[in-house]
Structures are given as structure tokens and as C-alpha cells.
Amino acid sequence: MAGVQPTAVAGDSTKIPLQIIHEVSRISSSGFTGIFKKDCTDLARRISLLAHLVEEIRDSSNTLSRCSSSSNDGCCLLYDLMLALKAAKRLLFAANGFDPNILDDVARKKIVFQFQCVTWKLVKSLGSLPYDQFDISEEVQEQVELIRAQLKRAKERYGGPVTSNLLSRALSQPLDKEINPLQSGSRGVGCLLVEKVGNIDHEVRPKLGGVPLGNGSNINDCGQIVQEPEKLRNSSKISEVTSPKSTGLAREDDSPSKNLLENKKPNSPIIPEEYLCPISLELMRDPVIVATGQTYERSFIQRWIDGGNTRCPKTQQILQDLTLTPNIALRSLISDWCSKNNVDQPTALASGRIKRSDGSFRDVNGDIAAIQAIVRKLSSRSTEDRRAAVAEIRSLSKRSTDNRVLIAEAGAIPVLVNMLTSEDSQIQENAVTSILNLSIFENNKGLIMLADAVTSIVQVLRAGTMEAKENAAATIFSLSLGDENKIIIGASGAIPALVELLQTGSTRGKKDAATALFNLCIYQGNKGRAVRAGIIPALLTMLTDSSSCMVDEALTILSVLASHQEAKAAISKACTIPVLIDLLRTGLPRNKENAAAILLSLCKRDSVNLSCLRRLGALLPLSELANSGTERAKRKATSLLEHLRKPLQP
């Protein structure tokens, strides 16, 4: 590895990464602004979630001894992670508050490229960590793998036209070398993001529009930047990528260099410039025209407008009105181009037709026009118009999958997410219910998460009307079906709000909250959050309240939690064991099964709980269950009986 050797961080290899993570968390808590608000928020959230990993590495009893040698692979990999985190922090400072009114389109493309490089560096460094050497728990390993999957997905979003020979060079360099997409010797915004390895203490440079300016640099230097996307689209040369020869640096199946080579096939089609959104540089799926005549991807220009911007990002002209008009002609051209070049359609629609599950198509031109008209009314200045429009969207989204597709294609999701913070309770209720209905269609889940809906849904869960809270809980359940979303939702503050609804909600609200909590707690990292939010006392109340009708739900959640050490201690402390033994005697077959499973988790390698079972007379109901219960109940009861029959350890 070129530059400073890993011994620079020997002796306390986790101090700097942990410090950076905490600094990023503090930056994130203040909120991000500008056109890259979503990108900064996502990157900061993923970095913040790495705190558990670094803390476990720090607490590992052998970490310091492992890092005593500069040749040690584990220490090198920690060093790589530190460099990736440093680059991410610098990028967040640069991209936060980015204002195209001050900096031009070239500078924006530079920031996009840096997001791509930083994302790749994090993927590489996280993919190379030797979990076994650092005694990383399964819970944290699972969390890191999900974060890494999110980063890889983000990489694909950044890796459209910007994926180039330049990125190949960046990936083939050691992680302490930041590749600047400029000609040699030139200087511009990109090189200001380059960080010298030896400089651990960062100095935040003076900022202009969110981008730090280096000593002696001038914003006019941005004109020297080569506009790589345009240049590379016209180039047919494919350069081979040489990976760095570092032990365990990247897994073979997801090596960045391998993926780049696969993506750079000579026959890969070149996407026409006019088919790319000027903001995201991605192939547009829902192109819309703004008042200046420029075309953008709906979700990105909507986010730009929602941020309070009143100028066209490309021309900088003031938008006389904020109407977004679908560019149907361009959408048709993009669809035709995708078909001719065997590229996956960026939209569920093709020439005004929607594909059915049997492979046939249905003409939906009339439906499209009607739904687009309703979606436009969602942004009306009239409260009555907005109220009527969101009620209609709620009704339409409930009726059919086709409607859910068309409503999302019309760009309703970002607008509905904004309506979640409306002071009008009726609008808020209908908006959250519409999002719930739309989330039933699997492809819409990603759009809802992309619109940063979770934070607003949690606000509804905390302060909305009872109906709004119920539907917010159901929406969280629907979104949490994706494993990656479980992390995001768990870190959003949703779990304490769900526990509160579990305690104080209506019968339907409690059931919705229980379903969402069960799904979230499947992910190991959320179990501790649920315990700290007070879920165990709430579940115990449900078990002992004969009028609650929630015994099944309470036992199901407890069975998921009982394997977690913190939850196990809380369950035992809450005197839950006597209640579970009573259920072994009097419960329904499914309840007996879950009660036995929970007791087995509580009593494994726990002599105190085993003694409690003996003392409370669990032997007889367990013997009966081992003979006449369900198959799962028989297994659990038999295993428990074996533990009970073993002599007590002194």
C-alpha cells in the first residue's frame, strides 16, 4: 500500500474510524440541504450504522495485539475502512448544500462521480473484513452485510454513464489514492475532495455553494474539467482493470474490477444523452417537462422543487410555475430504445400499455391521463382540491394493481410523502393510507423508500389520528418485508412508536403494531431496540389480559425475541415464566407450542431459570405436550425435559 503504512494507526486502530462515524452522525442530525440532500442522508445513515461494527472491533480482546504488526492483514483492512470513512466525510461536507445557482453542471457531475467512488470504497473495505479474527457477533455481521448490500445498490444507481475508465483507475488504486477525473495537472472541484493520507485532523475549507475551495483554486477552474460522461459515451476503447494485490481485499464474485469488465462489453449500448435525467444522470423512467422546457426525471425534479428551489437546475431560469407535464413523446422514445437494445424497461409501461401477469398487455392510455390529472391536483394551492385529490388516490390505489402501477408512474409517491406532514388530519390520513395501498405492489416499495418516506410515516405513527396511526403501522410492516428496509426503519425511531401503539392503540392498531414489530424484530439488530423501548412489559400485559385477544401475537413476538441475550434477561426479570407455564396447561395448541419454544430459549444454559421451571411444576405439562402436542411443540417440550432431567450444576 502506497503512502503511510497501516502502523500509523497501530495501537488504537478503531479510534479514528469511530471518531469519524460519530462526527458523521452529528452532521446528519443537523440535516442536509441542497440537490444532494437524499444522497448525503443515505450515505450518512449507512455510515452511522457502522458504529456497532467498529465498537465490537474495539472491544475485541485481541485487537491491539493484532494491530501491532504492520504486515497484519486485519490491520490493513481496518486502515482501508478508515480511509473510506474519511473520504465519505469529506464528500458529505462537499455535497451538503450544493447550489447549482452558484456552481455549474460540471461541478455537479463531479460530485456524482465522487459519490460513486466513495460508495465503491466502502463496499470494498467492508467486504474484506475478517469477521472471525475480530470476534464480530452474528448480529453485527448481518447488519454490515445488509449495509453493504445497500451500498452496492447505491453503486448501481451512481454507476450508469459515469462508470468509466476513470472509475476503473480509481478502483485499481490503493484506497489512499483518490482519483481525480481531470486531465493531469488541471485543478477543479474534484481535486478539492482529494485527501492526503497523513492528514488525520480535517480542516473544513471555506465553502462556496457547499463545495470546499482549496488554497488558490478558483471556481472558474471547473471549466477545465473534462465532461467524462459525454466523452466516454463516444469512446469504444475498453481498458483492462488491474486489481490491487492485497490479501482478501475483495471477494471474487463481487470484485469491483470484475463487475466493471462485465459492464464494459463492446456491444453494450450507448444511452443517448437526451434520455438521461440532467440531475441524476440516469435513464429516465418518468420524464416530465418544467416551465422552462427542460425535461427531468419526475422524482428528482420533484425533490428539487420540494427543497424550496425555484430555478431550473439546468438553465437557472426562474420557474414561472411548478407544473410538471409528462413528456409522453420522450417516454415512448425511451421505451422503443430499450426494446431495440434489449435493455430492461425503466418503466412498467410501454407505449401506453401495461403488462399483465399472463404476459398480455392492456391499453391504459385513458387511465393514464385521468390519473395524471388527479396527481397534478395533489400539488394544488387549494386545500379542498388537495383533499379531494388524495381521497381519490386512496380509493384508486385500493382497487387494483394496475392503478398502483399507474399512480406511481404518474409521480404521486413523492407528493404523497410530503402530504404526510400536512396539518390537515384528513389529508394526512388519506396520504398514509394511499402509501400503504401503493406499497402492496413490490416495485413501489423501493420508490417509497427512495422518497425518504419512513421519517414522515413515523411522525404520523406518533402524532396522527388513530386511523392514521393504524395505517402508518401497517405501512411500516409492508415496507419492512425487505431485509434492507428493516435496518432503515429500525434506525428511524419507528420501534418506540410502535410499542406505544401496542400499549395504547385500538384493537386494530395493536394488531397492526404487533405485526410490524414482529417483522422488524426478525432482524437481530432491532431486538435490542424493541427491548429498550419497553416491549417486554407490553407483551406481558397482553398475555395476562384476558380481554386483549392478543395472546397469539404476544407469544409470536416473544418467541422471536427470546434468543436475544438482552431480551432474554428482560423476559426473565419481568416474571414471564409463570405465565408461560400456565399457558402450557391451558392454552390453545399454537400457544402451547410458542410457550414451550420461549421457555426453551430462556432455560438453555441458565440454571436459575431451569430451577424456576422445576419449582413451578412445569414437568407435568411439558410431559403431556411432548406426547400430544404439535410436531414443533413435541420437539421443544422433549428438549426442555432433557434439560430438566439433567442434574443441577453446583
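Ser439 belongs to helix H17, which spans residues 425–439. The structure described here is a predicted model. Because its relative accessibility is 0%, under the 20% limit, Ser439 counts as buried. Its side chain and that of Ser478 are joined by a polar contact of 2.8 Å. Beyond neighbours within four places in sequence, Ser439 is in contact with Lys445, Ile448, Ser478 and Leu479.

Two further helices form a packed pair. Two packed helices are described by the angle between their axes and the distance between the axes. Helix H14 (residues 383–399) packs with helix H15 (residues 401–409) at an angle of about 135°, and their axes lie 5 Å apart. H14 is therefore oblique to H15. The residues that make this contact are listed below.

| Helix | Residues in the contact |
|---|---|
| H14 | Ile393, Leu396, Ser397, Lys398, Arg399 |
| H15 | Asn403, Arg404, Ile407 |

Sorted by class, the contact of H14 with H15 has three nonpolar, two polar and three charged residues.

In soluble globular proteins, nonpolar side chains tend to be buried together. The largest nonpolar core in this model has 97 residues, of which Leu378, Leu416, Leu502, Ile535 and Leu613 touch the most other members. Leaving aside neighbours within four places in sequence, Leu416 is in contact with Leu378, Val390, Ile393, Ala431, Ser434, Ile435 and Leu438. Another core, of 72 residues, lies apart from the largest one and includes Leu122, Leu146, Leu151 and Phe300.

Note on methods
Residues are numbered from 1 along each chain as its sequence is written. This is a predicted model: local features need pLDDT of at least 70, side-chain atom pairs count only at pLDDT 80 or more; totals for chains, interfaces and linings use all residues. Side-chain values use heavy atoms; hydrogens and water are left out. Axes are lines fitted to C-alpha atoms, for helices over the stretch in contact, and angles run from 0 to 180 degrees between N-to-C directions. Helices (H or I, at least four residues) and strands (E, at least two) are DSSP runs, numbered from the N terminus. Angles under 35 degrees count as roughly parallel, over 145 as roughly antiparallel, 65 to 115 as roughly perpendicular and the rest as oblique. Contact means heavy atoms within 4.5 Å. Ala, Val, Leu, Ile, Met, Phe, Trp, Tyr, Cys and Pro count as nonpolar, Asp, Glu, Lys and Arg as charged, and the others, Gly among them, as polar. A nonpolar core is a set of buried Ala, Val, Leu, Ile, Met, Phe, Trp, Tyr and Cys residues joined through side-chain atoms within 4.5 Å. Buried means under 20% relative accessible area, exposed over 50%, partly exposed in between (1.4 Å probe, protein chains only). A polar contact is a pair of N or O atoms within 3.5 Å; within protein, one must be able to donate a hydrogen and the other to accept it, and residues adjacent in sequence count only if both atoms are side-chain atoms.
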